[in-house]
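Trainee: I am new to this structure. Can we go through it by question and answer?

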Amino acid sequence: MLCLTDFIQEARNAEKTAENFKNNDIVRFVFCFVVSKSGGVYMIHVSCNLTTTTTTLRIQDLTTKHVLTMEFCRGCKVDDLEFLKERRIDAIKVAKALLEVFAEMIFVHGFVHGDPHPGNIFVSPEGQNGFSLVLLDHGIYKTLDEAFRVEYCQLWKALILLDSNKIYHLGERFGVGKYSKYFPLIFTGRTVDSKSALGKGMSVEEKRKLKQELESLKMEDISSFMESLPPDFLTVFRTDGHMRSVISKLGAPQRIRLLAYAKYSLYGLSPKMNPKSGNSYSILNLDGYLSC
């Protein structure tokens, strides 16, 4: 709970995230004041995406662990459909932008906002694309273990490519063993041996087989599965749950989520790839694995 009331740390989290997204023109970060001490002088770094200035105000003049000074930003909750309709903002484009921001957080940077509910994500009617996303409340962030981040990228690549052998292998790495066969069901709504395009409903045979498997599950199986997962997995589970809820309210198809995760999982595996370029043949080929 201490980190929730340490506003200097919150400001530093916001500054780090703003730096991670400095080349992204769809997401905004409000001005916040990050304090550091150098040579006995407290320096106040004012950051908002590409804007950074420095002054020599004293810490008590502006920011303390219990007081955070930020810019006021106008907007409305990301799932406020009436607000979006009034301002002629495309809800599907908002959903796509939101998914790509959080996919980049998880798969590329491994530095993830800890409480991404709609009240902490605003849509502002300002921006080059007709709107921008504004992320609020940077009090809690989770830094993913680097080995986990890479293997989670590999898992999503395997899910999209329907590579069951890789899914089972990664399940061993994650410590869940036989329960890894449920990763496709949890994340993509398919069975582990499915070979049809993602985004489509399961076949009658897949549903029959899945029903049999679920009927054989016991409560201790579910408990063992959850207890075996690395702590970072719970973070991405929770974030994905928030994303699914929001895009559902925005009326966006699941295909948008799958494509965003597929794309950024490859970016996360290839540091030299630029998330803004969209020129990777691998990304373009993945589109064929997703159903319209």
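Trainee: Which residues touch the most other members of the largest nonpolar core?

Mentor: First, this is a predicted model, where local features need pLDDT of at least 70, side-chain atom pairs count only at pLDDT 80 or more, and totals for chains, interfaces and linings use all residues. Residues are numbered from 1 along each chain as its sequence is written, and side-chain values use heavy atoms, with hydrogens and water left out. A nonpolar core joins buried (under 20% relative accessible area, 1.4 Å probe, protein chains only) Ala, Val, Leu, Ile, Met, Phe, Trp, Tyr and Cys residues through side-chain atoms within 4.5 Å. Among the 67 residues here, the answer is Leu133, Tyr152, Leu155, Phe183 and Phe233.

Trainee: Which helix gives the most to this core?

Mentor: Helices are DSSP runs (H or I, at least four residues), numbered from the N terminus; strands are E runs of at least two. Twelve core residues come from residues 91–109, which form helix 4.

Trainee: What is the order of the strands in the open sheet?

Mentor: Strands pair if DSSP finds at least two bridges between them. Strand 1 (27–29) and strand 5 (76–77) each have a single partner strand, so they stand at the edges. Strand 1 runs parallel to strand 8 (residues 132–135), joined by three bridges. The pairing is mixed, and the order is 1-8-7-5.

Terms used
Buried means under 20% relative accessible area, exposed over 50%, partly exposed in between (1.4 Å probe, protein chains only).
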